[in-house]
Amino acid sequence: LALLQGEEPAGRKVPLSIGDVSFALDSNVEGSSGAYIDAQTGQAYPAFMADAMLFDADDPIDVESEPERWVYVDEISSHESWQDMADFAAKQRDTALRERLESAIQGKGAFRRFRTLIEDEGVGAAWREFSSERECGRIRERLAATGVRVL
């Protein structure tokens, strides 16, 4: 909106890749969630790498000594991922496919049933593109909420 109004967008500019942030979010271990972004370099790290108890290495990233340098990005919740499946299903023009997808995402095992069905129905590529766009949007939204603007 700022650009359309001829204004400089708010937030500090950080040279990062949304794909790298997504990868860091997906790379966590049990007991850890989210990611840290180095605002100086744009490098994204799974949150467990800041926890010496979870990251078995001599040099975990030190987010406490320079808190202004590090930006925390919260994980994408299972509820948000489920909503993406529901929205994808609702957008299907084929009524029978839409109903099968809506049925697949009900109850326990929804994610597994959905993945199997989209592949069986030949809409896996469309789903992956839809899901990826949603995830990128959420990451950008989370970054904007922390005052970060992607270069």
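## The largest pocket

A pocket, as used here, is an open set of grid points with protein on both sides within 12 Å along at least five of seven lines. This is a predicted model, and its largest pocket holds about 500 Å³ of space. The lining counts 20 residues, and Asp-26, Ile-76, Ser-81, Ser-131 and Glu-135 sit closest to the pocket's centre.

## Helix α5

That makes α5 worth a look. Its 22 residues should span 32 Å at 1.5 Å a residue, and the end C-alpha atoms are 31 Å apart, so the two figures agree. After the helix comes Gly-147, with a positive phi near 90 degrees.

The buried residues of α5 are Gly-124, Trp-127, Phe-130, Glu-135, Arg-138, Ile-139, Arg-142 and Leu-143. They pack against quite a list of elements: helices α1 (18-26), α2 (78-90) and α4 (110-120), plus strands β2 (35-38), β4 (70-73) and β5 (148-150).

Arg-142 belongs to α5, which covers residues 124-145. Is this arginine, Arg-142, buried or exposed? Its relative accessibility is 18%, and buried means under 20%, so Arg-142 counts as buried.

Leaving aside residues up to four places away in sequence, Arg-142 touches Val-73, Asp-74, Glu-75, Ile-76, Ser-77 and Glu-80. Ile-76 has already turned up, as one of the residues closest to the centre of the largest pocket.

Key
Residues are numbered from 1 along each chain as its sequence is written. This is a predicted model: local features need pLDDT of at least 70, side-chain atom pairs count only at pLDDT 80 or more; totals for chains, interfaces and linings use all residues. Side-chain values use heavy atoms; hydrogens and water are left out. Helices (H or I, at least four residues) and strands (E, at least two) are DSSP runs, numbered from the N terminus. Buried means under 20% relative accessible area, exposed over 50%, partly exposed in between (1.4 Å probe, protein chains only). Contact means heavy atoms within 4.5 Å. The expected span of a helix is 1.5 Å times one less than its number of residues. On a 1 Å grid over the protein atoms alone, a cavity is a set of points where a 1.4 Å probe fits but cannot get out, and a pocket is an open set with protein on both sides within 12 Å along at least five of seven lines; lining residues have an atom within 4 Å of a point. Grid points are joined across faces, edges and corners, and a volume is the space filled by probe spheres set on the points.
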